Amino acid sequence: ALPISGAIGYSGVYEKNITLAMGKELKSALEKAGYKVHLTRSGDKFINLRERYQIARRQKADLFMSIHADSAKNRSATGLSVYTLSENASDREAAALAERENKADLIGGMDLNNEDKELASIFISLSQNMTRKNSSDFAELLQCEMSKEVKLVANAHRFAGFAVLKAPDIPSVLIELGSLANRNEEKLLKQESYRKKLAKATVKAVDKYF
């Protein structure tokens with residue numbers, strides 16, 4: 001079966017191709033700045049949403065960025081946004097994680113298998129709260145740096161329950177690069193020079209975060 005393409009742009013460009021190109025651009029820019037970077041995919045392959053942050057956990061990542069491009073029905077919609085995990089979604093995830101049987105190495109190497117559900121839930125909630133705060137700190141830095149280079153949507157730092165943001169111990173953000181349904185924004189996202197601009201701003205935010 002063919003991999004899922006995601007959103008499809010104004011001219012028919014696939015989100016999966018735009019986001020992979022952006023991921024590779026960002027990897028190159030971050031590595032030049034001295035960071036170790038691991039992509040969840042390096043080719044045309046679909047990876048389950050939760051598996052994406054599990055890859056980050058196996059790599060013992062200090063920061064996780066999920067890159068997307070929207071295709072809103074409103075073709076006049078335009079602008080970049082950054083999402084972090086909402087408080088309600090975080091609480092629900094903590095409870096769900098505490099219910100699972102295998103709690104070994106669930107948060108920062110702590111084995112919760114021998115803890116009761118209530119205590120495990122408290123430990124996970126504390127870890128989630130710190131992770132959510134760090135995620136928001138990075139999102140604010142990213143929003144600030146991006147605003148110097150490209151157009152952002154109003155209230156660009158947003159909150160949602162996206163599955164890719166639910167790692168309990170890795171600060172995580174989801175970056176919506178823009179709307180592929182918008183003719184002009186799709187054209188920009190297809191340009192290497194524009195993606196380099198986004199990568200440059202991201203590196204600055206990463207530097208300030210660490």
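Two strands are taken to pair if DSSP finds at least two bridges between them, and in this predicted model strands β1 and β4 meet that criterion, pairing in the parallel sense over six bridges. Within this pairing, H68 has E176 of β4 as its bridge partner. Both strands belong to an open sheet of four strands, arranged in the order β1-β4-β2-β3 with mixed pairing. The edges of the sheet are formed by β1, residues 64-70, and β3, residues 152-160, each of which pairs on one side only. On average, and with direction ignored, neighbouring strands of the sheet are turned by 20° against each other.

At the other end of the strand order, β2, which comprises residues 80-85, pairs with β3 in the parallel sense over five bridges, and T84 stands opposite F159 in β3. Helix α1, residues 15-32, packs on the sheet, where it touches β1 and β4 (172-179), and the direction of α1 makes about 145° with that of β1. Although β1 is an edge strand, five of its seven residues are buried, so that β1 is largely enclosed by the rest of the structure.

The largest nonpolar core contains 31 residues, of which L80, F138, L142, M146, L177 and L198 touch the most other members. Two or more residues are given to this core by each of α1, β1, β2, α4 (117-147), β3, β4 and α6, and the greatest contribution is that of α6, with eight residues. The surroundings of L80 illustrate the packing in this region: when neighbours within four places in sequence are left aside, L80 is in contact with M146, V150, K151, L152, V153, A156, I175, E176, L177 and L198. Apart from this core lies another, made up of eleven residues, among them Y53, F64, L85 and A167.

An α-helix has 3.6 residues a turn, so residues three or four places apart point the same way.

Definitions and conventions: Residues numbered from 1 in each chain as written. Predicted model: local features only at pLDDT ≥ 70, side-chain atom pairs only at ≥ 80, totals over all residues. Heavy atoms only, no water. Axes fitted to C-alpha atoms, helices over the stretch in contact; angles between N-to-C directions. Contact = heavy atoms within 4.5 Å. Buried < 20%, exposed > 50% of the residue type's maximum accessible area, 1.4 Å probe, protein only. Core = buried A, V, L, I, M, F, W, Y, C linked by side-chain atoms within 4.5 Å.
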